[in-house]
Amino acid sequence: MKNKDAFIRLSDVSYRFGERAVINQLSLSLDKGVSYALIGQSGIGKSTLLQLLAGFISPDSGSIYINDKKLIKPRVKTGFLFQELGLFPWQTAFDSIKMPLQMHTSVQKESLKSSVFKWLKELQIEDCHERYPHELSGGQKQRVALARTLITEPDFLLMDEPTTAIDAMTKESIQALILAQHKKQQTTMLFVTHDIEEAVYLGEVILIMREGGKITRIPNPLFGIENNRETLAFYQACIDVRKHINLEMELDEVFTHNK
Amino acid sequence: MKYLRTISNNQLFIGFLTTLLAWQVIYFLIDTHTIPAPMETLIYLYTMKLPVLLHVLASMSRVLVAVGIALIIGVPIGIFAGINHLFNQFFSPFLYYIYPIPKVAFLPVLMLLYGLGNQSKVILIIFIIVFQIILSVRDGVRQIPSSYFTVMDSFASSTLSKYRYLIIPAISPHIFSGLRISIGISLATLFFAENYATTYGIGYYILSAWTKMDYIEMFSGIVALSFLGILMFKAIDLLEAKTTPWNKKPF
């Protein structure tokens, strides 16, 4: 059974870019082991929220707690998968995946190697371990970046548009991998996406972000059901989420107009 | 055909042949005793190979010591200037003032401070190349995308890890570029550095032949100097290929 205690708590968090409050007194709690899809218009502050949760930036006011500890700097146990992946050109797939583990543990060379190969195998990129990023396909790069993020076994995984830059076929296989890893490790997951199908496929709870960082939650009963993408209910759920988004946007417009 | 293909793939050999050809053409066109025939010079160099080798080794040692010390001084300063905006704001204008000054002009001062021996020669070379290394490294650090630093932050990396996994590998190609330029400048500087208080060094060998008006000897020294340059550039190429294999370049 899933532990539904709030694992992450945001209490009255505000963050401004100059005069504009991108996030305004946001209070939010995220439960342990749940996957959250964060959707909303471009420039609404989704990536800013992710950066706050990762500890890259600090809120102007309010506090963030992860596992009851106040977040003041990036945590080792928070994984971040970047939209642009951020693979270093000088690291082979093997070195890239090894790096986070090598940084934080004093494990023997052999055990380090076996850990890396475990992940290479898990993500089906064993043959690529000696290749540099420029020698990898888009999907392989994505898998390397994912393995690099997961090797430290994070308890909280943040992803910024994890499948934006890849083709449709690769996208589905990466999404299946992410879902399989989430189910296996029970990681709390929050990912930003513009793809409603991705949100419905990967998100147990869909969070719609509005102006000022207001968030509406939509539970997704289809989450985790095998082959759900092949059902009509899945597409009906996508249509429902789209309707919700449109409604929220209309609310934003009314609110802005009345101001 | 196989040999022709091997030769055409060897750019160093092509470069050598082209230089000899150009030299031969100039030799025919100008027809003066100050320009000896290439073959005659090469034969002279071959017969004098041992004494010339000693001169080359003396120069090479000076250049290697100077380059090594310039790297030890220049790399940390360059990294700091690249990372620390405040330091760079003060340091860069100073660098731009110093960089274009012909440092050879300071030779009398260096001779007074460090004597006539090897010390002043090596310090002169360091003084000339260290700024090049600082600039290359500083620019290398500044070219690292800020997103790479965010990636390191996402792993809650220590400062030491940032240097180990990000900064040092990212600036390595820039260090090699700086080294190539520095070695070229160092070899050119040998003429000034080795024209006093020494009897060994390829700069001394060329200048001494010049004063004796022995042009075959002078040109043999120039050829030896170019061989030394090629040797050092190739060594850097090999070192670069070994340490930065992701950054493959032709030749």
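Is A:Ser27 buried, partly exposed or exposed? With a relative accessibility of 47%, A:Ser27 counts as partly exposed; here buried means under 20% relative accessible area, exposed over 50%, and partly exposed in between, using a 1.4 Å probe and protein chains only. This is a predicted model, in which local features need pLDDT of at least 70, side-chain atom pairs count only at pLDDT 80 or more, and totals for chains, interfaces and linings use all residues. Residues are numbered from 1 along each chain as its sequence is written, chains are lettered from A and ligands numbered from 1 in the order in which they are written, and side-chain values use heavy atoms, with hydrogens and water left out.

You will find A:Ser27 in strand E2 (residues 20–31) of chain A. Helices (H or I, at least four residues) and strands (E, at least two) are DSSP runs numbered from the N terminus. Setting aside residues up to four places away in sequence, A:Ser27 touches A:Leu10, A:Ser11 and A:Asp12, where contact means heavy atoms within 4.5 Å. A polar atom of the A:Ser27 side chain lies 3.0 Å from the backbone nitrogen of A:Asp12. A:Ser63 is 36 residues from A:Ser27 in sequence, yet their C-alpha atoms are 9.3 Å apart in space.

## A buried serine and a buried threonine

Now look at A:Ser35, in strand E3 (residues 35–40) of chain A. This serine is buried, with a relative accessible area of 0%. Beyond its neighbours within four places in sequence, its contacts include A:His182, A:Met189, A:Phe191 and A:Phe223. The side chain of A:Ser35 also has a polar atom 2.5 Å from the backbone oxygen of A:Leu202.

A:Thr92 sits in the loop between E6 and H2 of chain A. Its relative accessible area is 10%, so A:Thr92 is buried. Not counting residues up to four places away in sequence, A:Thr92 touches A:His129, A:Glu130, A:Arg131 and A:Tyr132. Between A:Thr92 and A:Gly79 there are 20 Å, C-alpha to C-alpha, and the two are 13 residues apart in sequence.

## Two enclosed helices

Helix H1 (residues 46–54) of chain A is largely enclosed by the rest of the structure, because seven of its nine residues are buried. Among them are A:Lys46, A:Thr48 and A:Leu49. Just after H1(A), A:Gly55 takes a positive phi of about 85°.

H2(A) is also largely enclosed, because nine of its twelve residues are buried. A:Phe94, A:Lys98 and A:Met103 are among these buried residues. The cover over them includes helix H3 (109–122) and helix H4 (138–150) of chain A, together with helix H8 (146–154) and helix H9 (159–193) of chain B.

## Where the chains meet

The contact takes 22 residues from chain A and 18 residues from chain B. About 1,800 Å² is buried between the two chains, and carbon and sulfur atoms give 73% of that area; buried area is the accessible area (1.4 Å probe) that two parts lose on being put together, summed over both. In chain A, A:Phe88, A:Trp90 and A:Met103 lose the most area to chain B, together 34% of what that side buries.

Across this interface the rule finds zero salt bridges, a salt bridge being a side-chain nitrogen of Lys or Arg within 4 Å of a carboxyl oxygen of Asp or Glu. Three residue pairs, both at pLDDT 80 or more, are in polar contact between chain A and chain B. A polar contact is a pair of N or O atoms within 3.5 Å; within protein, one must be able to donate a hydrogen and the other to accept it, and residues adjacent in sequence count only if both atoms are side-chain atoms. On the side of chain A that touches chain B, strand E6 (78–81) and helix H2 (93–104) each supply at least two residues, and H2(A) gives the most, with five residues.

## Chain B as a whole

The C-alpha trace of chain B spans about 70 × 60 × 30 Å along its principal axes. Of the 251 residues in chain B, 43% are buried.
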